[in-house]
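Try each task yourself, then check the solution.

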Amino acid sequence: MQQITIQPKNDQNLISLIRLAIENQLNILKYGIKKTRRKLQELEEEFKMDTEGFYRKYSRGELGDDIKFIRWAGEYETLKQLEQDYLTLQETRVC
């Protein structure tokens with residue numbers, strides 16, 4: 001686990017501010033995850049295929065390079081990154 005040290009000139013409110021900033025970022029990430037999942041669900045319904053199955057086929061080059069497939073893959077990769085960022089930030093402790 002990495003540790004970051006911040007040494008402000010005046011630290012009276014700093015811990016509260018950092019906690020609020022983390023909470024705000026978590027809310028932003030939750031919104032992004034929800035929005036991305038909604039987009040993925042629309043694509044799954046349109047193509048009658050689950051996203052993980054699609055991504056496996058797409059990654060193997062079985063589906064071609066239709067712009068919708070490129071966007072779908074991008075949305076899936078975005079979701080995975082948002083989820084990872086959320087978990088990382090959620091596990092952050094301010095001391």
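**Exercise 1. Find the aromatic pairs, then take two of them apart.**

Let's begin with the count: the structure holds six aromatic pairs. Rings of Phe, Tyr and Trp (its six-membered ring) pair if their centres lie within 6.5 Å; planes under 30 degrees apart count as stacked, over 60 as edge-to-face and the rest as tilted.

Step 1: take F54 and F69. Their ring centres are 5.7 Å apart and their planes meet at 40 degrees, so this pair is tilted. F54 sits in helix 2 (residues 51–59) and F69 in helix 3, 15 residues apart, and the pair links distant parts of the chain. Helices here are DSSP runs (H or I, at least four residues), strands are E runs of at least two, and both are numbered from the N terminus.

Step 2: check how covered these residues are. Buried means under 20% relative accessible area, exposed over 50%, partly exposed in between (1.4 Å probe, protein chains only). F54 is buried at 0%, and F69 is buried too at 12%.

Step 3: do it again for Y55 and Y76. With centres 4.7 Å apart and planes at 45 degrees, this pair is tilted. Y55 belongs to helix 2 and Y76 to helix 3, so the pair ties together parts 21 residues apart in sequence. Y55 is partly exposed at 21%, while Y76 is buried at 12%.

Step 4: look for a cluster. Ring pairs link F47, F54, Y58, F69 and W72 into one.

A word on the ground rules: this is a predicted model, where local features need pLDDT of at least 70, side-chain atom pairs count only at pLDDT 80 or more, and totals for chains, interfaces and linings use all residues. Residues are numbered from 1 along each chain as its sequence is written, and side-chain values use heavy atoms, with hydrogens and water left out.

**Exercise 2. Describe how helix 1 and helix 3 meet.**

Step 1: get the geometry. The axes of helix 1 (residues 14–47) and helix 3 (residues 67–90) come within 9 Å and cross at roughly 150 degrees. Axes are lines fitted to C-alpha atoms, for helices over the stretch in contact, with angles running from 0 to 180 degrees between N-to-C directions.

Step 2: name the arrangement. The two helices are therefore roughly antiparallel (under 35 degrees is roughly parallel, over 145 roughly antiparallel, 65 to 115 roughly perpendicular, the rest oblique).

Step 3: sort the contact residues. They divide into 14 nonpolar, five polar and nine charged. Ala, Val, Leu, Ile, Met, Phe, Trp, Tyr, Cys and Pro count as nonpolar, Asp, Glu, Lys and Arg as charged, and the others, Gly among them, as polar.

**Exercise 3. Sum up the overall shape.**

Step 1: list the elements. The protein has three helices and zero strands, running α-α-α from the N terminus on.

Step 2: judge the spread. The radius of gyration is 19 Å, well over the 12 Å that the globule rule gives for 95 residues, so the protein is more spread out than a compact globule. That radius is taken over C-alpha atoms, and the rule is 2.2 Å times the number of residues to the power 0.38.

Step 3: The C-alpha trace spans about 55 × 25 × 20 Å along its principal axes, and buried residues make up 21% of the 95.

**Exercise 4. Which residue has a positive phi although it is not a glycine?**

Step 1: find K48, whose phi is about 55 degrees. Step 3: at 73% relative accessibility, K48 counts as exposed.
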